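I opened my notebook for a slow look around this model. Come along and check each entry with me.

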Amino acid sequence: MSVWTRIVGWAVLIFGLLYFFLPLSGLFEFSLKARRGVYSFDAYREVFADPQFQATFTYSVVMALVTIVIGILIVVPTAFWVRLKMPWARPYVEFLTLLPLVIPAIVVVFGYIRLYNTASWLPLTGSIFGTNTLLAFGYTILALPYMYRAVDTGLRTIDVATLTEAAQILGAGWFTILRRVILPNVVPAVLSGAFLTFAIVIGEFTLAALLDRPAFGPYLQRIGANKAYEPFALSVIAFTITWACLALIQFVSRFSKAAPARH
Amino acid sequence: MSFLVLDNLQKCFGAVQVVKNFNMAIEKGEFVSFLGPSGCGKTTVLRMIAGFETPSGGTISIDGRDQSRLKTNQRNIGMVFQAYALFPNMNVFDNVAFGLKVAGTPRAAIEARVKEMLALIRLEHLADRYPYQMSGGQQQRVALARALAPKPQLLLLDEPLSALDAKIRISLREEIRQIQRQLGITTVFVTHDQEEALSISDRIVVMNAGRADQIGTPSEIYNRPATRFVASFVGTLNMLDATVVDPAEHTVRVGNQVITLKETLVGKTAGEPIVLALRPEAGSLQGSGDTTLKGDVLSSSFLGSVIRTKISVAGNPVSFDTFNAPDLTMPRPGETVDLRFSSGDLLVVRD
Ligand SMILES: Nc1ncnc2c1ncn2[C@@H]1O[C@H](COP(=O)(O)OP(=O)(O)O)[C@@H](O)[C@H]1O
Ligand SMILES: [Mg+2]
């Protein structure tokens, strides 16, 4: 490698890092300025003391986890079946999973409210549990493009057809094949889909606001509109916690026996 | 009643018929090879036995039981795949234990059986390894142990050795045969390698374009090929185009030389073209023999213990080997020589 390519490489890397971290550090610096003239963690104290913060953040984390589970249960068997039995359908399924990127969340949620309102045949919005369910499924739709792509890519790294046949001839049924053979082999892919799902759900505003659920996104928006320093502290906290969660998932997956390193 | 019976088996993929009128009866404990070139339908027959493909016609029965209503996971068959197909997320122990776990075998029994299987393939020390940490030969042995662990009634192997290098291929095929004998398990082995099939089988089915051309023991297949295809695919037989002169006298003409065959020419008429086959080790220049054909030497090569000579008999290239001797003079290209052999060595081959 020549000196020049090396220098250019470093320059690009440094530019990327600056591009990413400069706004963050500005954000952080401003969040420390709640007290005039000195840096302090006053804004953070305020945020942590707010019971609303704890409630909404917990709510969103739980919703994210539920969404991930629903996503896995829907996407893994679907992607598996399409690969195994209906390879001709792959482009169509892929197109279908990309629709949430094109259809705005607001359209989705109005559709939901029309379909599942208290006067409909399935009045999901009539109860809190029903609305939560609806929200989780809505989140699943939003995360679908990422989840499906990740899992489908993961399935490409194994010989799905032969492994399925090997399991069948050893007596396994479909459920066992999915749980014991397919899923463990796409764990890294499922996790990367899960990261994105997590990130989407934590910050999501539209669905939660219009379904009137106490999620973190609407809370963030409300604080942002009413306070000066706290929103910035909140952003830093949200960033940190999200990253910590992701790091934790990474850590767990690295050490879980289900996902041995591949060559 | 034979153990595995394939009765008039057919398989079409769309308009293409890839298996035609396949009949075969395999005895309990027998080791049978399906031998044929790539694309002749060996895998398809095997996959129908395993239940991965549904026959378009005909029946498969194992131990007198029709298999058509049974799904793959109800057939109790073991299978070894060309690409090993070990579960990458499981170590050797869990791979071998998979079939037993699925069957709900108690833990202690699983442990004992897996140990026994790993001892059989001499890989006890690798129980904790993952597939990617092992060589191809080791992986294929684990695949064999995995297939055998649930005590299947039938073992199917689809070109299990063709992804391995030559040396391992030979040692592993002997190992497979020895384990098969030890367990007495009925086995169907698919291969396109004639040497492999000849060396380990009780019987061989030579397949050609979806049909069984000949079924027989290795020596029958090698020494008495029934069709031109079998003759050319198995071994290095020489083919001679000939014309029947007098069916009653068993005389045929090769070019302008008339010879008498030992074999009868039932159903042939005078003037009909036929194909004769001669094994390379059956002919010689000096030896005895009741039949002689003249030919022009094309080439002669010294291979140490044998001399391989190629001559042209009325336009048919014929190779034959003679043992080396110190006083031997090698035939020179262009020379006309007498090829001697016993008339009994000349086979009449069907098309
Ligand atoms: N699923 C399938 N769909 C269409 N054609 C197939 C399928 N499987 C095999 N074939 C065709 O059937 C023929 C026999 O294939 P196969 O049994 O795999 O041959 P072999 O194992 O002897 O090499 C081949 O021409 C192959 O292309
Ligand atoms: Mg094949």
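**Ground rules.** I am looking at a predicted model, where local features need pLDDT of at least 70, side-chain atom pairs count only at pLDDT 80 or more, and totals for chains, interfaces and linings use all residues. Residues are numbered from 1 along each chain as its sequence is written, chains are lettered from A and ligands numbered from 1 in the order in which they are written, and side-chain values use heavy atoms, with hydrogens and water left out.

**Chain A.** I found 12 helices and zero strands in chain A (helices are DSSP runs of H or I with at least four residues, strands runs of E with at least two, numbered from the N terminus). Its C-alpha trace spans about 75 × 70 × 35 Å along the principal axes.

**A helix pair.** How do H3(A) and H8(A) lie to each other? Helix H3 (residues 51-85) and helix H8 (residues 174-185) of chain A pack at about 100 degrees, with axes 12 Å apart. Axes are lines fitted to C-alpha atoms, for helices over the stretch in contact, and angles run from 0 to 180 degrees between N-to-C directions. The two are therefore roughly perpendicular (65 to 115 degrees; under 35 is roughly parallel, over 145 roughly antiparallel, the rest oblique). Among the residues in contact (heavy atoms within 4.5 Å) I noted Phe80(A) and Trp81(A) of H3(A), and Trp174(A) and Ile177(A) of H8(A).

**Ligand 1.** Next I listed residues around ligand 1, including Phe13(B), Gly39(B), Cys40(B), Lys42(B) and Thr44(B) (a heavy atom within 4 Å). Helix H1 (residues 42-50) of chain B gives the most to this shell, with three residues. For polar contacts (N or O pairs within 3.5 Å), I saw a polar side-chain atom of Thr44(B) 2.5 Å from a ligand 1 oxygen atom. A backbone N or O atom of Gly39(B) lies 2.6 Å from an oxygen atom of ligand 1.

Key:
Polar contact = N/O pair within 3.5 Å; in protein donor to acceptor, adjacent residues only side chain to side chain.
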